[in-house]
Amino acid sequence: MSLTPKDKSVVKAFWGKIASKADEIGAEAFGRMLIVSPQTKTYFSHWSDLHPGSGPVKKHGKVVMGGVAEAVSKIDDLTGGLAALSELHASKLRVDPANFKILAHNIILVLAMYFPADFTPEVHLSVDKFFQNLAWALSEKYR
Amino acid sequence: MVEWTDFERATIQDIFSKLDYETTGRNALCRCLVVYPWTQRYFAKFGNLYNAAAIMGNPNVATHGTTILHGLDKAVKNMDNIKGAYAELSVLHSEKLHVDPDNFRLLSDCITIVVAATMGANFTPDVQEALQKFLAVVTAALQKQYH
């Protein structure tokens, strides 16, 4: 399910609308993921506070959305563009790729909450495909 | 048997007591048919599903969305025996409708997203957890009679 030119332009246009709230969206989505899918907390046992709105959670939400922003800018070659991030997730972080889907679901949910009028079914379709391709690129170096 | 906390029970009753079945049902099913277009395979008789606008305006989609959401009432009223309550519906989806159970998960995600967008700030992470757990239990019950 690779990205069509239309998907890419829809994603870039929508990102333009939401970019100013990216940090907030990241923090919200990440916080939700830790609560709704508690198995994801296993990767953060070294943090002092895993509650939504806490320092570490907000900071990491921002980091994640920074990665998403990078992916948007490199949307024409996600595998190449995200090679370094893939290496990080594969060798150092060793996050099970199944979790990328869980986080994507929460980001999409928060986007729908914050931008109900703009996050139409067609935008949702392209954004869902984008996250799927992003996850695939992020998994590239795993094995 | 599924264990529900008091919060989860109250949350599910609250969500469904305030739900606009027509709007939510139509929006959730429409979103599912657009975002996961292979789900359209089950609705060949619905007429024009050619694009998002057609799907959104299709009266069969609207009606069926409402039907599906009211189907969840069975679980809302029988939270301590959702498996038993859905035995017949499970047989229907398996033997007659031949629906791949993965579709239940896709539709559940769309329902969650539409309810989240409607409830806004009231859709807290704890409420999200309760709804996703509820829909997961319903999905498992609907798969139970497949063989």
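In what follows, Ala, Val, Leu, Ile, Met, Phe, Trp, Tyr, Cys and Pro count as nonpolar, Asp, Glu, Lys and Arg as charged, and the others, Gly among them, as polar. The structure is a predicted model, in which local features need pLDDT of at least 70 and side-chain atom pairs count only at pLDDT 80 or more, while totals for chains, interfaces and linings use all residues. Residues are numbered from 1 along each chain as its sequence is written, chains are lettered from A and ligands numbered from 1 in the order in which they are written, and side-chain values use heavy atoms, with hydrogens and water left out.

Chain A has 7 helices and 0 strands, where helices (H or I, at least four residues) and strands (E, at least two) are DSSP runs numbered from the N terminus. The C-alpha trace of chain A spans about 40 × 35 × 20 Å along its principal axes. Its radius of gyration of 15 Å agrees with the value near 15 Å that a compact globule of 143 residues would have; this radius is taken over C-alpha atoms, and the globule rule is 2.2 Å times the number of residues to the power 0.38. Of the 143 residues in chain A, 48% are buried, a term that means under 20% relative accessible area, with exposed meaning over 50% and partly exposed in between (1.4 Å probe, protein chains only).

The largest nonpolar core has 90 residues; such a core is a set of buried Ala, Val, Leu, Ile, Met, Phe, Trp, Tyr and Cys residues joined through side-chain atoms within 4.5 Å. Among the residues with the most contacts inside this core are A:Phe130, A:Phe131, B:Phe16 and B:Leu131. Beyond its neighbours within four places in sequence, B:Phe16 is in contact (heavy atoms within 4.5 Å) with B:Tyr21, B:Leu72, B:Asp73, B:Val76, B:Leu131 and B:Phe134.

The structure also holds 2 cavities of 30 Å³ or more. On a 1 Å grid over the protein atoms alone, a cavity is a set of points where a 1.4 Å probe fits but cannot get out, and lining residues have an atom within 4 Å of a point; grid points are joined across faces, edges and corners, and a volume is the space filled by probe spheres set on the points. The largest cavity has a volume of about 80 Å³, and its lining includes A:Phe14, A:Trp15, A:Phe130 and A:Phe131. Helix 1 of chain A gives the most to this lining, with 4 residues. The second largest cavity, of about 30 Å³, is lined by residues that include B:Phe16, B:Leu72 and B:Leu131, and its lining has 8 nonpolar, no polar and no charged residues.

A:His124, in helix 7 of chain A, counts as buried because its relative accessibility is 0%. Apart from its neighbours within four places in sequence, A:His124 is in contact with A:Ile108 and A:Phe119, and also with B:Arg31, B:Val35 and B:Ile113 of chain B.

Two loop residues other than glycine have a positive phi. A:Arg94, with phi near 50 degrees, is in the loop between helix 5 (83-93) and helix 6 of chain A, and counts as exposed because its relative accessibility is 61%. B:His98, with phi near 55 degrees, is found in the loop between helix 7 (87-96) and helix 8 of chain B, and at 53% relative accessibility B:His98 likewise counts as exposed.

Technical notes. 1 Å grid on protein atoms, 1.4 Å probe; cavity = no way out; pocket = protein on both sides within 12 Å on 5 of 7 lines; lining within 4 Å.
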